[in-house]
Amino acid sequence: MSSDSGFAVRGKEEAYFYSSEEFKAQANLTDEGIFERFKYENFPDYYAEFSELLSWYKPYSKIFDGSDAPCWKWYVDGKLNACYNCVDRHLAELKNKTAIHFVPELEEEQTQHITYQELWVRVNELAALLRDTAGLKKGDRVALHMPMCAELPITMLACARLGLIHNVVFGGFSSSACADRIVDSGSRVLITIDAYYRGGRLLPHKKVDDESCELAEKSGQKVDHVLVWQRYPGTISAGATLTEGRDIVINEELKKYYGVRVEPEEMDSNDPLFLMYTSGTTGKPKGAVHGTGGYLSYVTAMTKYILDLHPEDVYWCTADIGWITGHSFTVYGPLALGGSSVIYEGVPTYPDAGRSWRIAQDLDVNIFHTAPTAIRALRKVGPDEPQKYDFHFKHMTTVGEPIEPEVWRWYESVVGRGKAVICDTYWQTETGGFLCSTVPALQPMKPGSAGPGVPGIHPGIFDEEGNMLEPGCGKAGNVCIRNPWPGCMQVVWGNRERFVNDYYGMYSRLDSKDWHDWLYLTGDAGSMSKDGYVRIHGRIDDVINVSGHRLGTKEIESAALTVEGVAEAAVVAVANEIKGKEPEIYVSLKPGFESSEEFVQKIADAITREIGKIAKCRNVWIVPDMPKTRSGKIMRRVLAAISGKSDVGNVMTLANPEIVETIQNIVK
Ligand code: PRX
């Protein structure tokens, strides 16, 4: 691992923007005292406040237990149920209020407004079905390979009600990626849907999962049941076929469960709630395990204090629920607070550049949460579109990748009409909720900077020797978090060693039981200015951030290596105007294989098959050899410079310096 630690920070400091008096007057968090209460010296007691946002069957006996470092325990002995907190507890006052607005991609189809009462009924009936039909019980893992639809949060909540550990696989992932996650998590039930709309086409989805099951079984994990939702209840869409004895159509089966209610399981605070797989330095994706009490307290607090959600707001987070942002900030955080959360099935610019703004106008959305990639795309296709519609955001979020100050300013002035606050939230799959962001009514915004650690999070920038850099010193380093927090993953599923090494191996005293000795390594390089605002420069490991989604270069390389004849593969990140970054792959062939257009296509197909379209490479370059060090290591830095048409630097120390010019001629 290497970082740009010690390098000078590029770019000037941007000027502050301040939130309006109107925003401050209604904000959830206006008490300056929060910073004093949540200072480092007061850890862990300050986290008692977050747990008070939830309803507990049994209160905890201890806020924090660090004895099994770094697998921290939160709200020890406390008992609660996440589904109860997101659904049941709202019935008394909010049963008639919309919990979920589901917007189908086709504009001629009606938006569904699911009230808390309806959500409760549907979750109960589904929980009963899962328990009886598939024999699922507390602690079992269940894979959900589903796109954006109301049934996805309903299924997640039904799992949480029973104490099942859901493992949602992003709907756009291929059968092979889905199978890997089924196998690693040991899921014997897979929940899917027959089809969904994207870009105006009804995409067949179930058949992907027939393959997922086949592949999983080949790797030793049999899927006993595939439960299938119907995009159009009563009809099997897109030619989906059913396997007798294995597949169950949920919409049909549910008829038997009319009126059935299931008591929520009383879960221990530290029982896992879900797994979310993410890419890391080595090939295989790792399953981040998120607990119940700590995670839910944390995302609820973040939704209340940073996203400023009130029950009367209409809140739209455009992230796919198949990623962590959707879990924390479409489903769990907003629903725990009795919010109304919008779920949109399709592409934000389908059928035209005004679509997102029409959704905002029709539902009177006032909190909007999206990624820089979407902002860049919306700006590119329709810079003047927002003005044509009547919507008024009070709050806007950006997440997932650094946002260029220029893009930030368009977002602020054109989408926010100069009235909305913006929170640039920096965090990760592993962290459950935000690490850095401004507190919207209390701290000014700075374009391009995520902001200081959110209350309770104490970040530091560290150099290679483990020294914490002085804020404002003008140097970049490794972004670390100096204290544990309740939203943090508990462990990597089935691999504690990987958890300890990846996140704590660099700077921590691994034999210590004292949390002060454990520094969480985010894997990002960044810098901190004098005011404590953190600017993220990018990953220090083999991860590429494409449209705010994490892809491991090793995963893409492994996919290329499945093609017969490929000897070596190396992936580099190249800049993309919309996506931020995108992968580009270099491949060398075994003797006897020739470069051809078909070969290039075969490699591109293998990448889509193994991972999914999101991993599509800008180019597949077939080269006679890779630039290598004398010890045989592929010099990805040189390939990245060739792709970026920048200076390759001194290459004379390479074992084969002459290859550089040859490759430059191919890439020209
Ligand atoms: O590199 C950072 C970038 O996204 C990575 C985490 O990706 P993932 O686990 O998929 O979670 C995405 C949603 C939280 C980080 O290591 N990243 C995330 N948010 C920001 C960011 N980079 C810059 N600014 C952000 N606000």
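Which residue in β10 does Arg-198 stand opposite? Arg-198 stands opposite Arg-201.

## Basis of the model

The model is predicted, with local features requiring pLDDT of at least 70 and side-chain atom pairs counted only at pLDDT 80 or more, whereas totals for chains, interfaces and linings use all residues. Residues are numbered from 1 along each chain as its sequence is written, and side-chain values use heavy atoms, with hydrogens and water left out.

Helices (H or I, at least four residues) and strands (E, at least two) are DSSP runs numbered from the N terminus, and two strands pair if DSSP finds at least two bridges between them. Axes are lines fitted to C-alpha atoms, for helices over the stretch in contact, and angles run from 0 to 180 degrees between N-to-C directions.

## The hairpin

Strand β9 (residues 195-198) pairs with strand β10 (residues 201-204) in the antiparallel sense, over four bridges. The two strands form a hairpin with two residues between them, and Gly-199 in the turn has a positive phi of about 65°.

## The eight-stranded sheet

Eight strands make up an open sheet of mixed pairing, in the order β12-β11-β8-β6-β7-β14-β15-β23. Its edge strands, each pairing on one side only, are β12 (247-249) and β23 (491-492). Strand β15 (residues 286-291) runs antiparallel to β23 and is joined to it by two bridges, with Val-289 opposite Val-491 in β23.

Helix α6 (residues 116-133) packs on this sheet, touching β8 (189-193), β11 (225-229) and β12, where touching means contact (heavy atoms within 4.5 Å); the direction of α6 makes about 155° with that of β11. Helix α7 (residues 151-162) lies across β6 (141-146), β7 (165-170), β8, β11 and β14 (272-278), and runs at about 175° to β6.

## The seven-stranded sheet

A further open sheet, of seven strands with mixed pairing, has the order β5-β4-β17-β16-β18-β19-β20. Because β5 (112-115) and β20 (421-425) stand at the edges with a single partner strand each, one side of each is left without a neighbour in the sheet. The twist from one strand to the next averages 20°.

Within this sheet, strands β16 (residues 314-317) and β17 (residues 340-344) pair in the parallel sense over three bridges, and Tyr-315 stands opposite Ser-341 in β17. Helix α15 lies across β18 (367-370), β19 (395-399) and β20, running at about 160° to β19.

## Helix pairs

Helix α14 (residues 372-381) packs against helix α15 (residues 405-415) at an angle of about 70°, with the axes 10 Å apart, which means that the two are roughly perpendicular (65 to 115 degrees). Ile-375, Arg-376, Leu-378 and Arg-379 in α14 meet Glu-406, Val-407, Trp-410 and Tyr-411 in α15. The residues of this contact divide into five nonpolar (Ala, Val, Leu, Ile, Met, Phe, Trp, Tyr, Cys and Pro), no polar (the others, Gly among them) and three charged (Asp, Glu, Lys and Arg).

The axes of helices α11 (residues 293-305) and α12 (residues 324-336) come within 8 Å and cross at roughly 85°, so α11 is roughly perpendicular to α12.

## Ligand surroundings

The ligand is surrounded by 16 residues (each with a heavy atom within 4 Å), the closest being Asp-424, Thr-425, Thr-429, Asp-524 and Arg-539.

An N or O atom in the side chain of Gln-428 is 2.9 Å from an oxygen atom of the ligand, and a backbone N or O atom of Glu-401 lies 3.4 Å from a nitrogen atom of the ligand.

How values were computed
Angles under 35 degrees count as roughly parallel, over 145 as roughly antiparallel, 65 to 115 as roughly perpendicular and the rest as oblique. A polar contact is a pair of N or O atoms within 3.5 Å; within protein, one must be able to donate a hydrogen and the other to accept it, and residues adjacent in sequence count only if both atoms are side-chain atoms.
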